[in-house]
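My entries follow in the order in which I made them.

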Amino acid sequence: MQSRRKFLIATGSTLAGFAVSSSGFANFAPFYAHGRSRNPLVTKDNPFTLGVAAGSPTDDGFVLWTRLAPDPLSQGPATPGGVPRQDHPSGIAVDYDIALDPEMRRVVRQGVVMAEADYAFAIHLDIDGLSAARSYWYRFRLGEHVSSVGRAMTLPRPGQPADALRLGISSCANYERGYFSAYRHLADEQPDMVLMLGDYIYEQVERNRPTLRRHSDDVVPTTLDFYRRRYAQYRLDADLQRLHATAPTLVTWDDHEVENDYAGEWSENFMAPSDFLRRRQSAYQAFYEHMPLRTRPNRDGLRIHDCITYGDLARISLLDGRQYRAREACYGAPDRGGGHAVDSVTCPELIDPSRSMLGFDQEQWLQSNLATSPTRWNLLAQNVIMAQLGDQQADGKFSAWTDAWDGYPAARTRLLQQVAEARNPVVFSGDIHSFWHNDLQIAPGKTVATEFVTTSVTSDGPPQDHVQAKVDSHACLHYAESRHRGYTMAEIAGGRLTTRFRTISDVADPQATVSTLKSFVIEDGQKGAVAA
C-alpha cells in the first residue's frame, strides 16, 4: 500500500437456499432448473462470464461458487450482471455436477442450486458427504450454457496421515498497475490450495500516473452497485479465472477491498462511523458475492476468519486483520486517519494493551486453534507484516507505523506468546509489496516463529534501498526485496517446509515469464529458516 511505502521512506447441502443432491431428486434436475415453474433465465449470452471457484474445504466437502452475469458490468442495482431482479425475485435455479475426473465422465453428485437475487445471482453451494483427501471437479449448467470446469478438494481427516501439501500465496493485485501473469504462472504450478492474503481488488483510481488498464466506472466505489462492478471487472480477467478453476482458495482481505488503511469502523478520511459502516457493509457484501464462502454477511459484518486442518500435517489459521481491529493509535484529523508514524512517548495509546489487531474474540479463537492443533506444522495466513520494523530505543521509546502489527505491539506480543507454544509455527503475510524473510521474536534474540511475506501481484513496491535499510538495522529481518512482482510457493514434505519467492519478468507484459528469486527451508523442530 502507498501508506506502508511512505513509512519505509519516512522511517449435499447448500447455504444458497435450495439444492437437490444426487441422493434426492437429481434425475429431475433439468425440470427444476429450466421448467416454467422455476422462472428460468433465458439468455443467448454466456451467464458464466465470471468463472468458477472453490473454497472453504472440509474433510467431506467444500463450497462451490459462480455468479450469473451475462452482462457483468451492467449499470444499476436493478440488473446486477445484466439479470433483471424484478423478473427473478426468488432467484434462478442452476444445475451442477461434481465428478472424480476433469473430463466430468465419472459424476458422483448432481443437483440444483439457486442463484440468489439478493446476492447478485451468486451461488454458494455448500457440499458435504464426499470422500476425504481427494480432488473433485465441478461445473454449473444453465440451459445450453455450461461453465468452465473447476477443481475442488476435500481435506484428509484430522489425524489422518498426510505426506505433503503445496500452497500458493498471493497478495495485492491492482488491475490498473499491470497484468495478472502471476496468477497464470501460479495456476501452472498446480498447488493444492491458494492463500490469498488481501487486496484482491483495489478501490482506488489512479489519477497521477499512466495505467495499463483502467478501473471500472473510473471512480472510487462506495456503494454496493459500484463494488460489484469492480469485483466483476477483476473476475473477468482470464488469468484470475484460470487460477480459481485450478485450485481452491482460502481468501482473507486487507484494506483495499473497502478503503485504504481503514481500521474496524474507522475511516482513513474521518467519515462518521455510522456512514463508514454502511460503506463497509456494501463492500463486504460484494466480497461475499464473489468468493466461495460458507458464511453470509449479517448486519454486524462478515466472518471470514477460518481454520482448516490438513490431516496430521498442517493446520492453517486464516486471520481477519481489518474488521475487528481497534482504531489506529492517536487517530484524528487532519492527518492521522490512515497509517501514520507515532512513538510510544508522544502517543501512549500505541502500547495500550486493551487495543487489538484481531479483536479479542478472534484472539481467543486463534489461541484455541494453536493449543488444540494435532498437526506437525501450524500456519498463520494474514494480511500485514508482523515482524518489527519500528525502532526500539534504549530508553524504551518505540516508534511505529500504525497500520501494520507494529501499530498493535501488545496484541502482537499476546499472539507470539500463543505461537511460541505451537509446533513448527510459520506466518505468511502480504500487503507491503515486497518479499521478506523474518524472525518473529517475543524478545530480542528469542525467535518463536518464521515469517514469509509475499510480494504483490502487480502493485508497485517501495524503494529497495529503504527496505534494505530496515534489514540492515534490525537483527530479526533477514531478507527483503521490493523490485519484483510475483507470488510465493510453500511446500511441506519430507520433514521440512520449503518456500520459494517466484517473480514475474514484467507486469506490463501479458506474456511475462516466471523465475525463482530466493528459496528458504525450515526443518521440522527448528526455529528459523535458512537459504536453500
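Are Cys 330 and Cys 347 buried or exposed? I found Cys 330 buried, and Cys 347 as well. Here buried means under 20% relative accessible area, exposed over 50%, and partly exposed in between, with a 1.4 Å probe and protein chains only.

Notes on the source. This is a predicted model, in which local features need pLDDT of at least 70, side-chain atom pairs count only at pLDDT 80 or more, and totals for chains, interfaces and linings use all residues. Residues are numbered from 1 along each chain as its sequence is written, and side-chain values use heavy atoms, with hydrogens and water left out.

Entry on cysteines. I looked for disulfides (pairs of cysteine sulfur atoms within 2.5 Å) and found one in the structure. It joins Cys 330 to Cys 347, with S to S at 2.0 Å. The two cysteines are 17 residues apart and link distant parts of the chain: Cys 330 is in the loop between β14 and β15 (341-343), Cys 347 in the loop between β15 and α7. The helices (H or I, at least four residues) and strands (E, at least two) are DSSP runs, numbered from the N terminus. I read 115° about the S-S bond, and the link of Cys 330 and Cys 347 is right-handed. I also checked Cys 172, which counts as buried because its relative accessibility is 1%. Cys 307, at 24% relative accessible area, is partly exposed.

Entry on α7. Helix α7 (residues 360-371) has twelve residues and reaches 16 Å from first C-alpha to last, close to the 16 Å expected. The expected span is 1.5 Å times one less than the number of residues. I listed its buried residues as Gln 362, Glu 363, Trp 365, Leu 366, Asn 369 and Leu 370. Seen down the axis of α7, they fall within an arc of 160° and so line one face of the helix; the arc is that of the directions from the helix axis to the C-beta atoms. Asp 361, Gln 364 and Ala 371 are exposed on the other side of α7. The buried residues of α7 pack against β13 (306-310), β14 (314-318), β16 (377-381) and α8 (409-419), where contact means heavy atoms within 4.5 Å.

Entry on α4. Of the twelve residues of α4, eleven are buried, so the helix is largely enclosed by the rest of the structure. Among the elements covering them I noted β2 (53-55), β3 (62-67), α5 (238-246) and α6 (273-289). α4 and α6 pack at an angle of about 35°, with their axes 9 Å apart. Axes are lines fitted to C-alpha atoms, for helices over the stretch in contact, and angles run from 0 to 180 degrees between N-to-C directions. From α4, the contact is made by Leu 224, Tyr 227, Arg 228 and Tyr 231; the α6 residues include Gln 285.

I then looked at Gln 285 itself, which is buried at 18% relative accessible area. Leaving aside neighbours within four places in sequence, Gln 285 is in contact with Asp 118, Tyr 119, Leu 224, Arg 228 and Pro 297.

Entry on Asn 174. This residue lies in the loop between β10 (164-170) and α3 (181-188). Asn 174 is buried, with a relative accessible area of 9%. Not counting residues up to four places away in sequence, Asn 174 touches Phe 180, Tyr 202, His 215, Tyr 234, Thr 458 and Ser 459.
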